[in-house]
Structure formats: structure tokens, C-alpha cells
Amino acid sequence: MLLGTAVLLSAAGCSSKPDSVEQAQATNNAKEGITNADTVVTTAKGVSGEQRPAFDSQFMTKAASGGLLEVQLGQQVAQKATTPDAKQFAQQMVTDHTKANNELKALAAQKNITLPTTLGEDQQKVYDEVLAEKGADLDKKYVSAMLTDHQEDIKEFQGAVTQSSDTDIRAFAQKTLPVLQMHLGMLQKMQPVIEAKK
């Protein structure tokens with residue numbers, strides 16, 4: 001009986017809501033004329049007739065969900081954190097990433113690229129895991145999650161600078177990179193201080 005319930009629960013968990021990043025990318029693939037998402041596509045026909053790599057829309061959908069995580073989690077941590085450093089950093093995430101998210105939205109509208117409007121599965125998992133903690137543990141989990149997140153973001157944005165065929169997308173990535181690198185530097189300085197908290 002218990003096993004049957006566990007199987008039902010895990011099945012329900014898997015089919016809950018679709019991943020917003022995958023949904024947005026499927027919409028973009030359809031716009032770009034990509035019918036099989038498993039096919040490696042170097043270029044696809046854009047809506048207005050220009051050639052545009054699928055890479056651009058994939059970069060933008062992932063960046064959008066990552067930006068949403070930084071803002072939404074930052075808003076929660078700014079209220080719940082116990083250390084001034086974590087509170088201040090969380091507030092800076094809200095400010096800086098709201099600005100970057102708005103720039104990304106404007107760019108996506110210009111390029112006819114659909115962005116996710118809710119957290120993707122990976123980002124939702126980070127959000128839930130951090131907020132499941134309390135007190136100093138929440139601060140530690142948040143700083144650790146943001147450290148990993150910013151390291152990944154920097155790689156993706158560097159990739160966009162070198163691999164995107166769109167000059168506007170390259171310019172956005174180039175402009176945002178120093179901000180991400182500044183955040184990473186702040187996190188690296190802050191982590192030992194936060195980890196030392198009891």
C-alpha cells in the first residue's frame with residue numbers, strides 16, 4: 001500500500017507543471033522552424049527572414065529564468081536573512097537583476113523571442129531549497145546557491161559574447177558580464193564570513 005502511494009506521488013510530481021524554460025524554447029523553436037528539438041541546429045530561419053542561430057533564443061530563455069530567480073529569491077532573502085551582508089547582497093540582486101531582466105525583455109521583444117515568465121524547474125528547485133532553511137542556515141544556503149549560480153551565468157554570458165551571431169545579443173551579454181563578475185567577487189568575499197556564523 002505504501003509503495004503504491006509513493007509511486008503515485010512520484011508520478012504526480014513528474015507531471016506537475018511543465019518547465020517554463022522548455023515551453024518558451026519550444027515556442028522559439030517553432031518560430032525558427034525547428035520541428036525536432038533534439039536536432040542540433042546551427043541556424044534556423046527567423047520570422048522576418050533573417051538567419052538566426054537557435055543558440056540565441058536558448059541563451060535568452062535560460063538567462064531570463066536565472067534573472068527571475070535572482071530577483072524573486074533576493075526579495076525573500078532580503079526580508080529573511082539574519083546577517084547584514086546577506087540582506088544587503090540580496091537587495092543588490094533585486095536591483096541589478098531587475099534592471100538586466102528589463103533590458104533582456106526589451107531585447108527579446110525586438111528579436112521576437114519568447115521568454116519564460118515563471119521560474120524554470122532548476123531555478124524553482126534552488127528557490128525552494130534556500131527558503132526551506134532558517135536563520136544562519138538560510139544565509140549560508142543562499143550565498144552558496146548564488147555563488148554556483150553566478151559561476152554558471154558567467155560561463156553562459158561569456159559563451160553568448162563569443163558565439164551569438166546577433167550583435168545586439170552579444171552587446172547585452174558583454175554589458176551584463178561585468179555586473180555578474182562583480183556579484184561573484186562580492187560572494188567570494190562574503191562566503192567565509194557567512195559560513196563562520198553559528
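This is a predicted model: local features need pLDDT of at least 70, side-chain atom pairs count only at pLDDT 80 or more; totals for chains, interfaces and linings use all residues.
Close-up 1. Lys125 comes out as exposed, because its relative accessibility is 54%. These two residues form a salt bridge, with their closest N and O atoms 3.8 Å apart. Both sit in helix 5, four residues apart, which is about one turn of the helix.

**Close-up 2. Lys62 meets Glu156 in a salt bridge.** Side chains of opposite charge can pair when their charged atoms come close. Here the closest N and O atoms of Lys62 and Glu156 are 3.2 Å apart. This pair ties together distant parts of the chain: Lys62 belongs to helix 3 and Glu156 to helix 6, 94 residues apart. Lys62 is partly exposed at 44%, and Glu156 is partly exposed too, at 26%.

**Close-up 3. Glu103 and Lys175 form a salt bridge.** Their closest N and O atoms are 3.0 Å apart. It's another link between distant parts of the chain, with Glu103 in helix 4 and Lys175 in helix 7, 72 residues apart. Glu103 is partly exposed at 23%, and Lys175 is partly exposed at 49%. Searching the whole structure turns up six salt bridges.

**Close-up 4. Asn112 in the loop between helix 4 and helix 5.** Check out the backbone here: phi of Asn112 is near 60°, a positive value in a residue other than glycine. With 33% relative accessibility, Asn112 counts as partly exposed.

Note on methods:
Residues are numbered from 1 along each chain as its sequence is written. Side-chain values use heavy atoms; hydrogens and water are left out. Helices (H or I, at least four residues) and strands (E, at least two) are DSSP runs, numbered from the N terminus. Buried means under 20% relative accessible area, exposed over 50%, partly exposed in between (1.4 Å probe, protein chains only). A salt bridge is a side-chain nitrogen of Lys or Arg within 4 Å of a carboxyl oxygen of Asp or Glu.
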